[in-house]
Amino acid sequence: MLKPVSPHQQYERKLISAGLNQNVMGAQWINKSNSLLQNTAIVKLPYKETGYFAADKIEGASFKFSLQQGQLLTIKLTKQSINNFSIYMDLWEQKENGEFKNIAYADSIGSNLQLEAKRSGDYYLRLQPELLVGGSYTLEVNIGPSLAYPLKTVNRKQIQSFFGAGRDNDTRKHEGIDIFSSFRTPVLAVANGTVTRVNENNLGGKVVWLRPSGKDYTLYYAHLDEQIATTGQEVMVGDTLGLMGNTGNAKTTPPHLHFGVYTSGGAVDPLPFVDPLIPALPKINTDISKLNLTMRTSAKQSSFSENQQLTNPESLAQHTIVRILAASGNQYKIELPNGKFGYISSKSLTEAKSIDTRKIDTNNQLLYDYPNPVAGIKATLNIGQTVNVLGNFEDFQLVKTIDGEVGWLAL
């Protein structure tokens, strides 16, 4: 059976079959797709940003975030452009040997992606537009439970004992969560599936085991006062499996449901599977009209970090030139002239207007298109000419000539 090919892979194959991987833009696009997975923005979920992909650049965006086993990841991407351009969206995980494995992707028509996390750890999201077209986009990344809640009335405060807590003088660990409510509250199926066992044991008292359809784990309902489901019964989400009680080793506690999730490797934390506390998607409070503009830092030192939380930040000197890639919360995601990108407070930036003038003191002063001595030459300036200085980066100044030409001069 042939392995499905993602829209991103299909597009890359078209470039190669057309020989476009031999030209600069095609090769850069393919290289970009690989480098995006190696250099990612580190974000905390839920996450939202509005960004812009320029048609005249080789663009892309990538994000690294953590998921817990059992969480449901939902990604929504909306685009706006006069061109009906494609943005290829793929989700990846990194294997122990460092290789990346593509685990999900959005189809070529839709712009949504949903995935239940089968393991706890880091995941990687890559966005990459097709060549020579561009526009703005808004990315929304949400998390929530992959299963329904086991009681009709949903209240996070009902969950009062968590996975891993010590039991019996710390001789064992709690292998589930305890959800408290009134005696004989109906306990519900959180997924469609099959009741595999209905029995009693010393710890759980009256219990019900449920195998969700298409899943590789089993759900455990314990301390029931009465079991209603029967072994082999097919149930739907919301069907009553039993009534809450305090049987088994819970005789001295208030009525509650012990809810567990068991895999082939043993018990796992069930909270992410059913947690009703879904954090709200953050608002974007920065000015999106600045997207794709060149700006500069205004403070003497500005904190800049690849981590959205601005942990372990670097310092950018005053008047450092940046390009605005996206807006998120109270921050901008920026790109430095050397290609490095990260987050900075929107209050740290200002428009790249003239901060000084510079008089050319030697003939044949070269004006570069990037702050690098091997970059392309845009113009040659002669002694006596005056330019406006817009900002700095390392050993270069971004300047604007009287004729309106903008480029980089070595200091």
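1. The largest pocket is lined by 44 residues, and among these Lys57, Arg323, Glu335, Leu336 and Tyr370 lie nearest its centre; its volume is about 1,300 Å³. A pocket here is an open set of points on a 1 Å grid over the protein atoms alone, with protein on both sides within 12 Å along at least five of seven lines, and lining residues have an atom within 4 Å of a point. Grid points are joined across faces, edges and corners, and a volume is the space filled by probe spheres set on the points.

2. The model is a predicted one, in which local features need pLDDT of at least 70 and side-chain atom pairs count only at pLDDT 80 or more, whereas totals for chains, interfaces and linings use all residues. Residues are numbered from 1 along each chain as its sequence is written, and side-chain values use heavy atoms, with hydrogens and water left out.

3. Helices (H or I, at least four residues) and strands (E, at least two) are DSSP runs, numbered from the N terminus. By class, this lining has 20 nonpolar, twelve polar and twelve charged residues, where Ala, Val, Leu, Ile, Met, Phe, Trp, Tyr, Cys and Pro count as nonpolar, Asp, Glu, Lys and Arg as charged, and the others, Gly among them, as polar.

4. The second largest pocket has a volume of about 430 Å³, and of the 20 residues that line this pocket, Gln9, Trp92, Phe100, Asn102 and Arg126 are the closest to its centre. Helix H1 (7-17), H2, strand S5 (87-94) and strand S6 (100-105) each give at least two residues to the lining, with S6 giving the most, six residues. The classes in the lining of the second largest pocket are eight nonpolar, seven polar and five charged residues.

5. The search of the whole structure for aromatic pairs finds twelve; rings of Phe, Tyr and Trp (its six-membered ring) pair if their centres lie within 6.5 Å, and planes under 30 degrees apart count as stacked, over 60 as edge-to-face and the rest as tilted. One of them joins Tyr11 and Trp29, edge-to-face at 4.9 Å centre to centre and 65 degrees between the planes. This pair links distant parts of the chain, Tyr11 in helix H1 and Trp29 in helix H2, 18 residues apart. Both Tyr11 and Trp29 are buried, that is, under 20% relative accessible area, with exposed meaning over 50% and partly exposed in between (1.4 Å probe, protein chains only).

6. The ring centres of Trp209 and Tyr220 are 4.4 Å apart and the planes stand at 45 degrees, so this pair is tilted. Here too the pair links distant parts of the chain, with Trp209 in strand S16 (residues 205-212) and Tyr220 in strand S17 (residues 218-227), eleven residues apart. Trp209 counts as buried because its relative accessibility is 14%, and Tyr220 counts as buried because its value is 8%.

7. Lys290 lies in the loop between H3 and S22 and counts as buried, at 18% relative accessibility. Leaving out residues up to four places away in sequence, Lys290 touches Met295, Ile324, Tyr332 and Glu351, contact meaning heavy atoms within 4.5 Å. Asn292 is placed in the loop between helix H3 (271-274) and strand S22 (294-297); its phi is near 75 degrees, a positive value in a residue other than glycine, and Asn292 is partly exposed, with a relative accessible area of 25%.

8. Two further backbone features may be checked against the model. A cis peptide bond, with omega about 0 degrees, joins Leu45 and Pro46, and Pro46 lies in the loop between strand S1 (41-42) and strand S2 (47-53). His319, although not a glycine, has a positive phi of about 75 degrees and lies in the loop between strand S24 (314-317) and strand S25 (321-328).

Definitions and conventions:
1 Å grid on protein atoms, 1.4 Å probe; cavity = no way out; pocket = protein on both sides within 12 Å on 5 of 7 lines; lining within 4 Å.
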